[in-house]
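Let's take a walk through this structure together. Have the sequence and the 3D view ready as you read.

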Amino acid sequence: MSTNAVPAEPEAMRQLVSDYVLALHGAYLDHTRHLPAGERGRLPLVAGQRVTVVAAATRRLHLLATADHLPAPQGPEVEIVEDYLGLTWVLRFYDPSVLPALGLLQEDQPAEVRRVLGMDDVLYHLTVDVGGGLGPHHAQHSGVALANQHAKTGRDLEGLRHALPLQSATVDEFGVCVRRGLPRASALLAAELTEHRVSLPAGVSALEALRAVLDDVSR
């Protein structure tokens with residue numbers, strides 16, 4: 001099968017997505033093996049040990065990982081359980097035939113997809129173009145990029161903790177919000193950590209909030 005071909009059968013499409021997630025997680029875990037044990041243990045996909053990955057089909061394919069457990073599948077819902085290097089994940093599939101609200105989205109934006117799924121607390125949220133984008137080469141690149149992003153975030157948060165020793169508890173809370181991609185909570189804590197020198201507008205991501213706090217403390 002060509003990597004640009006999109007399988008017509010649901011079972012074949014689910015297998016293609018399952019293979020992509022396996023390659024993604026495999027690249028992530030393999031790439032981070034060289035990290036010190038403590039740093040590696042703080043990575044979201046290592047610390048979680050068991051995560052849920054939701055594959056939501058809109059105009060694109062959205063892949064969302066969460067440390068939360070979803071209720072048991074009902075009706076047409078399908079799940080696949082896989083593992084690699086100590087990480088176990090449950091892959092769940094949603095499309096408009098399973099969750100009609102996905103077919104009613106006016107904009108294929110991550111925030112809207114998370115709203116429909118009721119998932120605010122995510123470890124990652126990737127969008128993939130169905131077809132060539134679901135190939136193993138793309139999955140491996142995405143896994144390495146995600147691992148690098150998570151590792152850098154961990155180092156930045158540890159540096160922030162050393163820079164603000166009297167606010168370590170708040171920095172730890174801020175870190176949880178950043179790692180889980182909670183923009184509103186991250187913005188509020190960023191203001192608290194900087195005595196409101198950092199005031200972020202709506203729509204700013206959690207990672208942008210982290211960068212703003214780091215810029216402030218480095219001045």
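In this predicted model, five strands form an open sheet: the 5 strands follow the order 3-4-1-2-5, with mixed pairing. Strands here are DSSP E runs of at least two residues, and helices are H or I runs of at least four, numbered from the N terminus; two strands pair if DSSP finds at least two bridges between them. Strand 3 (78–84) and strand 5 (124–128) are at the edges with a single partner strand each, so one side of each has no neighbour in the sheet. From one strand to the next, the twist averages 20°.

Within the sheet, strand 1 (residues 50–57) and strand 4 (residues 87–94) are paired in the parallel sense over 7 bridges. Look for Ala55, which stands opposite Phe93 in strand 4. Helix 1 (residues 10–31) packs on the sheet, and its direction makes about 150° with that of strand 4. Contact means heavy atoms within 4.5 Å.

Now turn to helix 6 (residues 168–179). Its buried residues (under 20% relative accessible area, with a 1.4 Å probe and protein chains only) are Thr170, Val171, Phe174, Gly175, Cys177 and Val178. Down the helix 6 axis, these fall within an arc of 165°, taken from the directions from the axis to the C-beta atoms, so they line one face of the helix. They pack against helix 5 (136–163), helix 7 (183–193) and helix 8 (206–218).

Residues are numbered from 1 along each chain as its sequence is written. Local features need pLDDT of at least 70, side-chain atom pairs count only at pLDDT 80 or more, and totals for chains, interfaces and linings use all residues, while side-chain values use heavy atoms, leaving out hydrogens and water.

Technical notes: Buried < 20%, exposed > 50% of the residue type's maximum accessible area, 1.4 Å probe, protein only. Axes fitted to C-alpha atoms, helices over the stretch in contact; angles between N-to-C directions.
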